[in-house]
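This report walks through one protein model.

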Amino acid sequence: IKLRRYLMLTEFLIKQSQKPSGLIGRVITKIWSFYFKKLSLWAIKQTTISDNYRILEIGYGGGSTIKNLLALNKNLEIHGIDISKESYRTAQRAHSDSIRKGSVQLKIGNVENMPYQNNYFDRIFAIQTHIFWKDIKKSFQEVYRVLSSNSTLIIASEKEKIHYHMTDYRTSHEFSQLLTSIGFSKIEEKQNRNWILYIVYK
């Protein structure tokens with residue numbers, strides 16, 4: 001019985017990580033904002049961001065990366081898409097002023113079918129999110145579609161979460177092969193003790 005309860009709890013928490021909902025989801029999105037702040041800042045520092053860039057974050061969670069991007073004070077057009085209604089509510093509350101001004105636009109949606117025009121974004125960030133995508137090839141094809149020419153996708157994640165959640169494309173070699181097969185021209189990899197990051201060029 002104890003094992004069954006443990007497995008049920010584990011499955012519940014994994015589902016909440018994939019798509020936060022309800023009171024537990026609200027708590028999780030707030031924890032994420034704090035826990036992934038350093039990962040978010042590290043990811044942003046790995047690329048240049050110029051004034052007036054159009055930026056998309058896929059899986060914005062509690063909105064911490066959006067907060068870090070706004071802090072750059074570069075008059076950015078920031079978009080976010082997340083599958084979770086709870087994440088949407090949390091991020092909306094956190095960035096109500098910027099949403100009112102029009103500098104931040106948030107949507108609920110799936111990375112596999114995004115409501116953006118072709119070749120629109122100058123930078124796309126996917127921080128601790130691609131590990132949960134159900135159809136990873138279709139998702140990155142969609143990312144490729146909305147990323148403008150000669151622009152950059154930043155993917156960052158905890159290493160242990162890649163090995164835990166992903167059954168395919170766990171190694172950097174397999175992952176790079178997937179991305180180049182979609183059409184991305186160049187992939188750079190950076191690591192530290194706990195994190196791994198890919199700079200992916202269209």
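Rings of Phe, Tyr and Trp (for Trp, its six-membered ring) count as a pair if their centres lie within 6.5 Å; planes under 30 degrees apart are stacked, over 60 edge-to-face, and the rest tilted. The model is predicted, so local features need pLDDT of at least 70, side-chain atom pairs count only at pLDDT 80 or more, and totals for chains, interfaces and linings use all residues. Residues are numbered from 1 along each chain as its sequence is written, and side-chain values use heavy atoms, with hydrogens and water left out.

**Aromatic pairs**

Seven aromatic pairs turn up in a search of the whole structure. One of them joins tyrosine 120 and phenylalanine 121 in an edge-to-face arrangement, with 5.0 Å from centre to centre and 85° between the planes. Both tyrosine 120 and phenylalanine 121 are buried. Buried means under 20% relative accessible area, exposed means over 50%, and partly exposed lies in between (1.4 Å probe, protein chains only).

Tyrosine 144 and phenylalanine 184 also form an edge-to-face pair, at 5.0 Å centre to centre and 85° between the planes. What does this pair tie together? Tyrosine 144 belongs to helix α7 (residues 136-146) and phenylalanine 184 to the loop between α9 (172-182) and β6 (186-191), so the pair ties together parts that are 40 residues apart in sequence. Helices (H or I, at least four residues) and strands (E, at least two) are DSSP runs, numbered from the N terminus. Phenylalanine 184 is buried, with a relative accessible area of 3%. Tyrosine 144 counts as partly exposed, at 24% relative accessibility.

Ring pairs also link Trp133, Phe140, Phe175 and Tyr198 into a cluster.

**Charges over rings**

The test asks for NZ of Lys or CZ of Arg within 6 Å of the ring centre and within 35 degrees of the ring normal.

| Lysine | Ring | Distance to ring centre |
|---|---|---|
| Lysine 186 | Tyrosine 201 | 5.5 Å |
| Lysine 202 | Tyrosine 144 | 4.4 Å |

**Helix α7**

Which residues of α7 are buried? They are Ile136, Ser139, Phe140, Glu142, Val143 and Val146. These residues cover an arc of only 155° around the axis, which puts them on the same side of α7. The arc is that of the directions from the helix axis to the C-beta atoms. Their cover includes β1 (54-58), β4 (121-127), β5 (147-158) and α9.

Glutamate 142 lies in this helix. Its relative accessible area is 11%, so glutamate 142 is buried. Leaving aside neighbours within four places in sequence, glutamate 142 is in contact with Val111, Glu112, Asn113 and Met114. Contact means heavy atoms within 4.5 Å.

**The sheet**

The protein has nine helices and seven strands. An open sheet of seven strands runs in the order β3-β2-β1-β4-β5-β7-β6, with mixed pairing. Two strands pair if DSSP finds at least two bridges between them. At the edges are β3 (104-108) and β6, each pairing on one side only. From one strand to the next, the twist averages 15°.

β1 and β2 run parallel and are joined by five bridges. Isoleucine 55 has isoleucine 78, in β2, as its bridge partner. Five of the six residues of β2 (residues 77-82) are buried, so this strand is largely enclosed by the rest of the structure.

β5 and β7 (residues 195-201) are antiparallel, with seven bridges. Isoleucine 155 stands opposite tyrosine 198 in β7. Leucine 153 stands opposite valine 200, also in β7. Isoleucine 187 stands opposite valine 200 too. Six bridges join β6 and β7 in the antiparallel sense. β6 and β7 form a hairpin with three residues between them. β7 is mostly covered, with six of its seven residues buried.

**Helices on the sheet**

Helix α3 (residues 37-45) lies across β4, β5, β6 and β7, at about 35° to β7. Helix α7 packs on the sheet and touches β1, β4 and β5; its direction makes about 140° with that of β5. Axes are lines fitted to C-alpha atoms, for helices over the stretch in contact, and angles run from 0 to 180 degrees between N-to-C directions.

**The whole chain**

Of the 202 residues, 46% count as buried. Among contacts with a separation of 6 or more, 73% join residues 24 or more positions apart.
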